[in-house]
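Me: I would like to learn how to read the main features of a protein model. Can we go through one together, feature by feature?

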Amino acid sequence: MSTTQTQTSVLRCSICHKEIPHNKALTVESKEYAYHFCGQGCFVEWEQKNPDSNPPPPPEQ
Ligand SMILES: [Zn+2]
């Protein structure tokens with residue numbers, strides 16, 4: 001059997017729980033946990049809900 005299929009690792013947005021392709025996700029790593037977001041909108045929403053998290057600024061588009 002051929003096992004050449006690419007492993008598609010899919011993440012889930014921490015805000016809207018939408019599935020995000022690994023290479024499209026915005027990731028914020030806090031002390032013990034990594035959060036993933038489908039885009040700037042959800043990232044900002046999470047940031048507003050977690051003012052103490054102090055994540056690094058997201059990459060500019
Ligand atoms: Zn989202």
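Reply: Start with what counts as an element. Helices (H or I, at least four residues) and strands (E, at least two) are DSSP runs, numbered from the N terminus. Keep in mind that this is a predicted model.

Me: How many helices and strands are there in the protein?

Reply: The protein has four strands and one helix.

Me: Which pattern does the protein follow along the sequence?

Reply: The order is β-β-β-β-α.

Me: How do strands β3 and β4 run, and how many bridges join them?

Reply: Two strands pair if DSSP finds at least two bridges between them. Here β3 (residues 26-29) and β4 (residues 34-37) run antiparallel, joined by four bridges. Four residues lie between the two strands, and β3 and β4 form a hairpin.

Me: Now the backbone angles. What is phi of H17?

Reply: Most residues other than glycine have a negative phi. In H17, phi is positive, near 65 degrees. H17 sits in the loop between β1 (10-12) and β2 (19-21).

Me: What about contacts across the sequence?

Reply: Take contacts between residues at least 6 apart in sequence: 25% of them join residues at least 24 apart.

Methods: Residues are numbered from 1 along each chain as its sequence is written. This is a predicted model: local features need pLDDT of at least 70, side-chain atom pairs count only at pLDDT 80 or more; totals for chains, interfaces and linings use all residues. Two residues are in contact if their C-beta atoms, placed from the backbone, lie within 7 Å.
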